[in-house]
Amino acid sequence: MLVASLIADAFATNCYVVAPAAGEECVIVDPGIGVDARLDEVLARHRLKPVAVLLTHGHLDHTFSVTPVCGARGITAYIHPEDAAMLADPMKGLSSDLRALFGGRLTWTEPEDVAPLADGTPVRLAGMDFTVSHTPGHTRGSVVFGLPGEGEDTGTLLSGDVLFAGSIGRTDLPGGSMDAMRATLRGKILTLDDGVRVLPGHGQATTIGRERRTNPFLTEEFLGTGHMSAPGRGL
């Protein structure tokens, strides 16, 4: 599998290009702010043809370039229905401070072709089978995408803003919920194999095993009745 990553101009959001191999079809995950030109370079370098955009959630730092990326290529954007409203009005997912920052200076057009993602439903794109897991907490419609591995490779997880190396996504924005995040971490993240590679929405790659051993937000203290607050990262 070929995975190329780009870091967006704002909020250091990771955009991923995923394909079975060079010269084949590909999927773009979370095209953030200012990735357009560099995305074209990556596609040309690896001779890739995009067939879809997958969105882990609806926050602006992950969706900013979705309309130009999809529109220029006539491809579909996939998002969970709980976050779809943010593709029409990205202000819905922002705090009052962030709305003030972007308000009046943002020109926004919803993608023409938007398709829903459903929990547990595999999505076959570019010859790859993505497993969709609904993982609310950061937003109501947050999802993670799983890809199977081969042989000793136990697979890859595109975790959006649910899980980072050493941290988790914030829950203090509209639609966020610490209770939902704890349930997600217990039921959807800690149940994964230690060898699964994690490609997060911000920061460096990691593995489930590494996070199980070292991430303070995957401890019983936090997942139980602890009062440790999740840090802010991204929007």
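## Pockets

A pocket here is an open set of points on a 1 Å grid over the protein atoms alone, places where a 1.4 Å probe fits, with protein on both sides within 12 Å along at least five of seven lines; its lining residues have an atom within 4 Å of a point. The model is predicted, so local features need pLDDT of at least 70 and side-chain atom pairs count only at 80 or more, while totals for chains, interfaces and linings use all residues. Residues are numbered from 1 along each chain as its sequence is written, and side-chain values use heavy atoms, with hydrogens and water left out.

The second largest pocket has 13 lining residues, and nearest its centre sit Thr131, Gly146, Leu147, Leu157 and Leu192. Strands S8 (128–134), S9 (143–147) and S10 (156–160) each give two or more residues to that lining, with S9 giving the most, three.

The largest pocket also has 13 lining residues, and Met1, Met128, Pro148, Gly149 and Glu150 are the closest to its centre.

## Helix H6

Now for H6, which spans residues 178–189: its buried residues (under 20% relative accessible area, 1.4 Å probe, protein chains only) are Met178, Ala180, Met181, Arg182, Thr184, Leu185 and Ile189. These buried residues pack against S10, strands S11 (163–164) and S12 (167–168), and helices H7 (208–214) and H8 (220–223), with contact meaning heavy atoms within 4.5 Å. Helices (H or I, at least four residues) and strands (E, at least two) are DSSP runs, numbered from the N terminus.

At the start of H6, a side-chain oxygen of serine 177 comes to within 3.5 Å of the backbone nitrogen of aspartate 179.

Definitions and conventions: Buried < 20%, exposed > 50% of the residue type's maximum accessible area, 1.4 Å probe, protein only. Polar contact = N/O pair within 3.5 Å; in protein donor to acceptor, adjacent residues only side chain to side chain.
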